[in-house]
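Q: I would like to go through this structure with you. Could we begin with the terms and then take the parts one by one?

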Amino acid sequence: MTRETLLNIRGISKSYPGVKANEDVSFSIGVGEVHALLGENGAGKSTLVKMIYGLVKPDEGSMELRGKSYAPAEPSEARGLGVAMVFQHFSLFEALNVAENVALGMENPPPMRELAARIRAVSEEYGLPLDPARMVGDLSAGERQRVEIIRCLLQDPKLLIMDEPTSVLTPQEVEILFKTLRQLSAEGTAILYISHKLEEIRALCDGATILRRGKVVGTCVPRETTAREMAELMVGATLTPPERRATAKGEVVLGVTDLSAASPIPFGTSLKNIAFTVARGEVLGIAGVAGNGQDELLLALSGELRTGADRIRINGHAAGDLGPSERRKAGLVAAPEDRYGHGAAPDMSLVENALLTGAIRRNLTRNGFIDWAATRAFADEIIQTYDVRTPGNHVAARALSGGNLQKFLIGRELDQSPQVIVINQPTWGVDAAAAAAIRQAILNRAAEGAGVVVISQDLDELLEIADNFAVLNEGRLTRPRTVEGLTIDEIGLMMGGAHGMEVAHHAEA
Amino acid sequence: MDFGGINPVILVASLMVAAVPIMLAALGELVVEKAGVLNLGVEGMMIVGAISGFIAAVATGSPVVGFLAGAAGGAVLSLVFAFLTQVVLANQVATGLALTMFGLGLSSLMGQGYNGIKPPLTGKVPFGPLADIPVLGPILFAHDWMVYASIALVAGVWWVLRATRLGLIIRAVGESHDAAHALGYKVNRIRLMCIAFGGAMAGLGGAYVSLVRVPQWVDGMTAGAGWIALAIVVFASWRPWRVLIGAYLFGGISVLQLSLQAGGSAIPVEYLSMSPYLVTIVVLVIMSSGRGRASLNAPAALGQNFHAAR
């Protein structure tokens, strides 16, 4: 099947100080085609689509839309020409309602009442029901994404750009999204689909362009290519899955019973009657769509959010009313999701950041004075063991790329000979090779006898490293069960299914 | 019909006048904060507005020109703040405090030689026989036009923020500058315009102090009104009509303490004159205790600078 070309990109380059984000990138998208843009974090996918959407100007190269030269100076111009974009994050306003959010993304929005009616009509047509008057802050991640998609659809786009749309969805919600996208494609809307989830791309896309370090390294027809081949094109190396040693599980090191806590975060989710145990050598994986209490659970376990003393037991001792430092002393280390500002002090050096959580278990202070020599040695040890790419230990945490800083922060916690490890999103935004290294390090600690809680939204990751598996849904935790024999469908149902979205697709199919 | 030497009709009529400066300044600051900027320099912009308006009114003999000049003076000073915080990304709290001190010094310099001069009179709006209605007449129909203009401005700001696209964009920028930027809005430019509007409103309020309320020029004559305006914005939980209520409440307290002083109250004068500020502190403590920021309706990006990275 040959298609008429919609967007043609020729020789696009874009540099930032110190990095070439894109170098001589060329590809084209046909009318109604679903085209995947594949690549690891930092491969230049986001910069490329920002240029197509007019947020960033290319240094070199040209674009053509329907045969005419296309160089949008700003997003409104791109929108005017029929290019719409669904963002990965950062483009909704929590304190505004759905209709207001939609209006902000349109060039000439109709009056609010009319807009609300059109939102209802379009959302029904595409099986994405939405109430225009609801506050976005109260919506689930899947519903928020619908707001973005409908915002685009109302402008009748010719090209819809989707930046990692499924990273926040349950498997069932992904199915619904794909139905919508196929319907759009059948109506002639081209879709540029950015992701690094290979199975999804194989299920959905007609063509794929693979980027590595800003350059096109290959194209393929995803349906005819295996996920492994695409992954190796993406990474440029062969991947080895982490190695697991079966270890005998020991006594319980972390016990949580009937833990309930109100969320300290605005629009957060409160924890409701959470209960689980983690034994020595066990890895408990906790899945769930973002915003279902993951951040709150980490706060409650790390000690930033205090609860009743006997709700949390470390090595059998009541610890629910202890603060983070006392819990570290008791053997529990924690690594939060947000690296800049929560996990690290961005403007302080790596040495200082190593001190911040390492001081207690590594004895880096003496009589209230800092033992700088030992602290530097600790920082260097982390940098070496975890292959952190940095000019030196004096560099500010902010200056490291997300993946490198994550390696440093995970290493900092793992190298404190902990008995209990709690990590939220260990490999978020980390490239595949580094992610494999982090997972291996976590497994090694477990093999040495630590109990590990990994909270993650990456199901593949959890299935790979966890012994037991549970799901957080609206602040409640399902009963942990062994990973063996668990199917994706079962997990989806544990995650709350499609949040009542099943009814939506009645019209078509 | 007096209570302890205080006539309630005169009290209400004069609190409406007393409330105008803080209402205007608070209304301007509300727009600024809705756009996500915390400008603590309201006091400085008010006092510069007071002296700019005073000089222009004395020079031309026209109070209208005076008010316009007051607004212009406040706006020009606010642009200093806008440049520092939006262009070179200085810390908003520190810059705002510096702006207040700079404004106080600058106004003192500009006001050399203007002490003891009377400004031209700002006339009352002629409502004819309406003003003679008992009780309602003195309260509703016996004020100068700025009193009515300030209420109209409250209505205008409320309408713009609630019902117009401009208002929606301002709220969006204050809610999440990253999202607004991703959609292609010029965050810093929108904030700059809001800051200038806030400065003009503060200057207008200041000019009202020196042209109507006092009316003459005295160094430091705004005497903390800017700080009260800042408190009213929080008290009003960023809603224009509540700014009106808050301003009348605080205006009422300051008028009441003056009347009590004049009426020879047994409470020492010092306690009475500190009462508006004490109430400010109490209100702020009550408003911010217990409930989270979100329920207080505060703009989520308040006080954070925006820099478009990539």
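A: Two strands pair if DSSP finds at least two bridges between them. Strands (E, at least two residues) and helices (H or I, at least four residues) are DSSP runs numbered from the N terminus. This is a predicted model, in which local features need pLDDT of at least 70 and side-chain atom pairs count only at pLDDT 80 or more, while totals for chains, interfaces and linings use all residues. Residues are numbered from 1 along each chain as its sequence is written, and chains are lettered from A and ligands numbered from 1 in the order in which they are written.

Q: Which strand does β8(A) join through 5 bridges, and in which sense, parallel or antiparallel?

A: Strand β7 (residues 159-163) of chain A runs parallel to β8(A) and is joined to it by 5 bridges. Within this pair, D163(A) stands opposite I194(A). Strand β3 (residues 34-38) of chain A is also joined to β8(A) by 5 bridges, again in parallel, with L38(A) opposite S195(A).

Q: And why is β8(A) largely enclosed?

A: Because 6 of the 6 residues of β8(A), residues 190-195, are buried, the strand is largely enclosed by the rest of the structure. A residue is buried if 20 or more other C-beta atoms, placed from the backbone, lie within 10 Å of its own, exposed if 12 or fewer do, and partly exposed in between. Both faces are covered, with A190(A), L192(A) and I194(A) on one side and I191(A), Y193(A) and S195(A) on the other.

Q: How many residues of β21(A) are buried?

A: The count is 6 of the 6 for β21(A), residues 468-473, so that strand is largely enclosed by the rest of the structure. N468(A), A470(A) and L472(A) point one way, while F469(A), V471(A) and N473(A) point the other way.

Q: What pairs with β21(A) in the parallel sense, and what in the antiparallel sense?

A: Strand β13 (residues 283-287) of chain A pairs with β21(A) in the parallel sense over 4 bridges, and there A287(A) has V471(A) as its bridge partner. Strand β23 (residues 481-482) of chain A pairs with β21(A) in the antiparallel sense over 2 bridges, where R481(A) is the partner of F469(A). Strand β22 (residues 476-477) of chain A is likewise antiparallel to β21(A), through 2 bridges, and L477(A) faces L472(A).

Q: Which residue takes a positive phi in the hairpin of β21(A) and β22(A)?

A: E474(A) takes a positive phi near 50°, in a hairpin with 2 residues between its strands.

Q: Changing topic: what is the order of the open sheet of 4 strands in chain A?

A: The order is β12-β11-β14-β15, with antiparallel pairing. Its edge strands, each pairing on one side only, are β12 (271-279) and β15 (317-318). Strand β11 (residues 252-261) of chain A connects to β12(A) by 6 bridges, and V252(A) has A279(A) as its bridge partner there.

Q: Which helix lies across β11, β12 and β14 of chain A?

A: Helix α9 (residues 294-302) of chain A does, running at about 60° to β12(A). Axes are lines fitted to C-alpha atoms, for helices over the stretch in contact, and angles run from 0 to 180 degrees between N-to-C directions.

Q: How many residues does each chain bring to the contact?

A: Chain A brings 19 residues and chain B brings 15 residues. Two residues are in contact if their C-beta atoms, placed from the backbone, lie within 7 Å. On the side of chain A that touches chain B, α2 (75-80) and α3 (98-104) each supply at least two residues, and α3(A) gives the most, with 3 residues.

Q: Where is H143(B) found, and is it buried or exposed?

A: H143(B) is found in the loop between α5 (136-140) and α6 (145-163) of chain B. H143(B) counts as buried because it has 22 C-beta neighbours inside 10 Å. Leaving aside residues up to four places away in sequence, H143(B) touches M16(B), V17(B), K124(B), V125(B) and Y148(B). The C-alpha atoms of H143(B) and A13(B) are separated by 8.2 Å, although these residues are 130 apart along the chain.
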